[in-house]
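Hi,

Here is the structure I promised to pass on. Have a look at it first, and my notes on what turned up follow below.

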Amino acid sequence: MARTIRIASAQYPIDELTSMSAFAGKLARWVEQAVVKGAQLLVFPEYASMELARIAGRHVSRDLHASIEAMQYYIADYEAEFANLAKRHGVHILAGSAPTRLADGSVVNRARLFTPHGETGSQQKQILTRSELEDWGIDAGTGLCVFDIGLARIGIAICYDSEFPLIVRAMCNAGAEVILVPSCTDTAYGYFRVRNACAARALENQVYVVQSCTVGEADWSAAVDHNSGAAAFFAPSDPLFPSPSGVLEEGTMNAPQWVFATLDLDVLTEVRKDGDVLNARDWDLQPGASELPPAKVVTFK
């Protein structure tokens with residue numbers, strides 16, 4: 001029997017919600033829609049959490065730093081909703097990332113993964129955009145992980161991180177077969193930067209890459225006021241895959257929706273061994289290429 005995993009990638013709208021119960025209802029509906037379609041892993045985008053700042057009032061959500069502070073109050077309840085839904089439906093969920101204050105006082109952009117068995121893991125964003133550094137005051141994260149969820153081995157490259165080949169390469173050296181890229185881009189320019197990076201990472205590592213994104217306008221938010229993009233699934237361009245472009249599935253630009261794909265991991269293995277080209281194998285033939293320390297492997301039940 002082929003090794004496959006069915007993934008749902010969200011084009012997630014930033015809505016004006018005024019209570020945690022309203023958020024919980026919205027999230028439950030989204031998760032149920034994906035589960036009905038057979039999804040085993042659900043991917044939510046970068047900074048999807050920031051819609052919760054509106055619960056504290058418009059005077060908070062219209063202030064960037066006040067919004068980040070508000071998230072420290074809401075984050076435990078926010079993550080609990082994802083954990084409960086993962087258990088209830090028997091699925092894995094990558095929650096939308098959130099600015100998270102650590103014990104040392106630093107604030108990182110962290111995405112947390114929830115399993116059906118109550119286990120969790122997290123990945124911090126490694127390289128920050130100018131806006132995150134200069135406006136948000138977010139700190140660079142540390143450590144790279146690959147999560148073995150049984151169905152597949154996955155890595156998480158949060159938005160801008162996908163634009164840096166060595167970050168994803170370290171995950172692939174540790175055995176990643178699927179790279180999840182939760183993103184939040186306010187213009188089409190930003191969206192296409194991430195999209196093009198996803199396609200490149202799929203090509204050079206011969207892995208699947210899954211992009212999720214925020215969509216819609218939210219003039220009440222200083223953090224996520226403009227959101228542009230489309231969720232998509234990328235594979236290497238090889239005759240063993242159905243699309244010469246490498247784009248397996250892609251959503252309608254800026255439309256709230258789930259995008260689904262069933263990824264065949266055995267085909268990926270075959271392409272790495274006997275594809276038209278062998279990019280993953282030939283990585284070290286590049287002038288100046290050196291062996292990277294691999295990411296840490298976290299194994300779930």
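Trp258 counts as buried, at 9% relative accessibility (buried means under 20% relative accessible area, exposed over 50%, partly exposed in between, with a 1.4 Å probe and protein chains only). Phe44 is buried too, at 1%. These two form an edge-to-face aromatic pair, 5.2 Å centre to centre with 75 degrees between the planes. For pairing, the ring centres of Phe, Tyr or Trp (its six-membered ring) must lie within 6.5 Å; planes under 30 degrees apart are stacked, over 60 edge-to-face, and the rest tilted. Phe44 sits in the loop between strand E2 (41-43) and helix H2 (58-61), and Trp258 in strand E14 (residues 257-264), so the pair ties together parts 214 residues apart in sequence. Helices (H or I, at least four residues) and strands (E, at least two) are DSSP runs numbered from the N terminus.

Before going on: this is a predicted model, where local features need pLDDT of at least 70 and side-chain atom pairs count only at pLDDT 80 or more, while totals for chains, interfaces and linings use all residues. Residues are numbered from 1 along each chain as its sequence is written, and side-chain values use heavy atoms, leaving out hydrogens and water.

Back to the rings. The whole structure has 16 aromatic pairs. In one of them, the centres of Phe23 and Phe82 are 6.4 Å apart with planes at 55 degrees, so that pair is tilted. Phe23 is in helix H1 (residues 20-36) and Phe82 in helix H3 (residues 64-89), 59 residues apart. Ring pairs also link a cluster whose members include Phe23, Phe44, Phe82 and Trp258.

On to charges: there are 15 salt bridges (a side-chain nitrogen of Lys or Arg within 4 Å of a carboxyl oxygen of Asp or Glu). Arg153 bridges to Glu177, with the closest N and O atoms 3.6 Å apart. Arg153 is partly exposed at 29%, whereas Glu177 is buried at 3%. Salt bridges with shared partners join Arg3, Arg153 and Glu177 into one network.

Helix H6 (residues 188-205) is worth a look as well. Its 18 residues reach 26 Å from first C-alpha to last, close to the 26 Å expected at 1.5 Å a residue (the expected span is 1.5 Å times one less than the number of residues). Within H6, Arg201 and Glu204 are three residues apart, about one helical turn. Their side chains meet in a salt bridge (2.5 Å, N to O), and both residues are buried.

Cheers
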